[in-house]
Amino acid sequence: MAFQATISALTGALVRDLGGDALPDASSKREAVSAFVRSQCEGVPDYLRLPVKIAAVLFDYSAVLVAGRPFHNLPHDKQIRHIHAWRNSNLLPRQTLMRFFETLILMGWYSERYPTEQP
Amino acid sequence: MNDPTRAPQRVQVAIIGAGPGGSVAATTLAEAGHDVLLIEAGPHLPVDSAPHFRRDEMMQKYCNGGITPSFALSTSMAYLEGCCVGGGSEINRGLYQRTPDTVVETWRRDFHVDGITCETMVPHFEACEAVARVSPLRAPAPPSSLRLQEGANRLGWRCAEVPRLVTYDDKPSGKKQSMSATFLPRFLAAGGGLMPDTRVHRLRRIGGRWSISGTRRGRTLDIEADTIFVAGGAIRTPALLKRSGIRRHVGGSLRFHPMVKVVAQFPEEINLPGMPDPVHSVKEFEPRFSMGCSISAPPLLALTMAEHPDHMTEVDRHWRHMALYYVQSTGGIGSVHNVPGFRDPLVRVQFSRSDMAELAEGLKRLCECLFAAGAVTIYPGISGGVVLRTTGGVRGLPDTLRGNRATLSALHLFATCPMGERGDRCAVDSFGKVHGVDDLYLADASLLPSPTVVNPQGSVMAIAHRNALHFLERAAHGAAKPRSSDGRTLIARSNL
Ligand SMILES: Cc1cc2nc3c(=O)[nH]c(=O)nc-3n(C[C@H](O)[C@H](O)[C@H](O)COP(=O)(O)OP(=O)(O)OC[C@H]3O[C@@H](n4cnc5c(N)ncnc54)[C@H](O)[C@@H]3O)c2cc1C
């Protein structure tokens, strides 16, 4: 549950930052991206599956220390600040985790935004 | 064999992995009259089951949905592999080049691969090209590809169109000559058995035969075989061998073509949907590094632009003016490991100072070429968010990509079980037989002793063909037992 909430919040924050909320159908597209990210997390090499989930939840709760609430309960501007703090962190695991989720969300979002017909 | 309930208990030859190497070997042996079962971990899907290079294709046909990171103390690298019937040939662009003479010579000289010369390889390339056909573009190349050529021409650099494993007979956009469209129908017509969705976990030698254990759609499975060809690709083949207790020179010498990408923006529209795939490659600096143009769909542009979060909205605004280019070298080494209790292999990579300096130089050259071609803005795929707007800015790029500075990726993987007669570095002999192990052969990119410098699928197929014919010759002379007893017929029938 905590993992799911984190992924939904992270997807929502990054998609909104990309101007995605202004598009028609934004919420269903966002939900599709979030489902994509969750399913990709299930598909990562098996020895990474649990660590990825634990790291996502740690990311969520690390916001309590700096902003008083878990990431998924923060307002948008504070969510973005928290994402930036991890993305630009000197700690490699934080950077790597953010890069990993950003990559998935970008892939998912731009695939929703620019779908192609089946050949 | 597509019926899961009818998995055979016992076969003459089992081939594990239906990528280009496994498919060519399987077809060659089946057409020669062997009883062959081709076992593939991934699904059997039509080549166009999802739009190419898109999210759905990654989920359907890539190993681990396309998330296959490697680990490093300093610079890490993501790599990609296909996981479906046809392996990498189903998801790749099919850019096709024969192995360069210098590379074949290195294999002969440094690895003591017997009987390999540029001349002896020719019939194997020809045999494979007769089935999986290779063509130059019939229509003009897409503008993104032509820009690269123009830039190279202006700088006086060698640049060439690379032909593709595509035919243009039926439709102008071409028909992909992947394994599922070429070799595998012939394999099935020759009576070969194909078992998709079946992952092999371990091989055991019991009573002079091989026992293969795996799972098929969640159910365990055991098959016996006289002979096994492992063709799981450069990462999964060594993982399977190690899991099966075969470790000598296995998995420790991974090589690849590491790649850095840039997004280049041009004043005019260059990224038009429906265009053929880009085909040009700058060859001026080979074998040190080469450059090319990638598929530039918005999701892929966005991934490289992730290094430039402040400019991300440029993708929405200008994607038709943007294209993705890459430079790739042959630097770096790696190793493949199993993690106890887990199924997926763990890959470690390592780059030397000079590997990273070479890639950094390649990146500068690529940017120079794109500015010469008329690019107005270049977003390199390196951290720090540096955006280039003039050729002069290229000088400001770093002289090395060491540390966490570059987002590296690799599509071409090799050499985890090198072939040759050198006892101090080769896992398999000059024709793919695992040294010191009976009736076990490899038939994929893992046995190519070093990077091919060019696109590798042609090399994988030709070597698989060469080694399968050699196996048939050995069989004809009594070392193995094909269904037919007439060795000459076997070889003639296998002449694809
Ligand atoms: C995105 C992409 C683009 C590329 N573009 C080009 C290009 O344009 N030109 C070019 O020449 N090359 C290209 N390549 C590289 C090329 O596809 C590979 O070099 C080639 O596919 C390697 O063939 P292979 O037979 O060694 O292994 P693979 O193609 O990797 O096939 C191995 C197969 O074995 C299966 N397998 C693995 N382990 C097991 C197991 N334990 N049990 C059962 N099955 C197993 C896998 O699922 C897979 O299907 C590209 C690769 C990628 C990923």
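The paragraphs below lead through the aromatic contacts of this predicted model and then through the surroundings of its ligand.

Residues are numbered from 1 along each chain as its sequence is written, while chains are lettered from A and ligands numbered from 1 in the order in which they are written. Because the model is predicted, local features need pLDDT of at least 70 and side-chain atom pairs count only at pLDDT 80 or more, whereas totals for chains, interfaces and linings use all residues; side-chain values use heavy atoms, with hydrogens and water left out.

Over all chains, a search of the whole structure finds 14 aromatic pairs, a pair being two rings of Phe, Tyr or Trp (its six-membered ring) with centres within 6.5 Å, counted as stacked with planes under 30 degrees apart, as edge-to-face over 60 and as tilted for the rest. The rings of Tyr114(A) and Trp319(B) have centres 5.6 Å apart and planes at 65 degrees, so this pair is edge-to-face. Tyr114(A) lies in the segment after α5 (92-113) of chain A and Trp319(B) in the loop between α10 (313-318) and β15 (322-329) of chain B, so the pair joins two chains; helices (H or I, at least four residues) and strands (E, at least two) are DSSP runs numbered from the N terminus. Both Tyr114(A) and Trp319(B) are buried, that is, under 20% relative accessible area, where exposed is over 50% and partly exposed in between (1.4 Å probe, protein chains only).

Trp157(B) and Phe285(B) also form an edge-to-face pair, at 4.8 Å centre to centre and 80 degrees between the planes. Since Trp157(B) lies in the loop between α6 (143-155) and β4 (159-161) of chain B, and Phe285(B) in the loop between β13 (280-282) and β14 (289-293) of chain B, the pair ties together parts that are 128 residues apart in sequence. Trp157(B) and Phe285(B) are both buried. One aromatic cluster is formed by Tyr47(A), Phe71(B) and Phe342(B).

A backbone N or O atom of Gly21(B) lies 2.9 Å from an oxygen atom of the ligand, and a polar side-chain atom of Asn92(B) lies 2.9 Å from an oxygen atom of the ligand. A polar backbone atom of Val200(B) is 2.9 Å from a nitrogen atom of the ligand.

Definitions and conventions: Polar contact = N/O pair within 3.5 Å; in protein donor to acceptor, adjacent residues only side chain to side chain.
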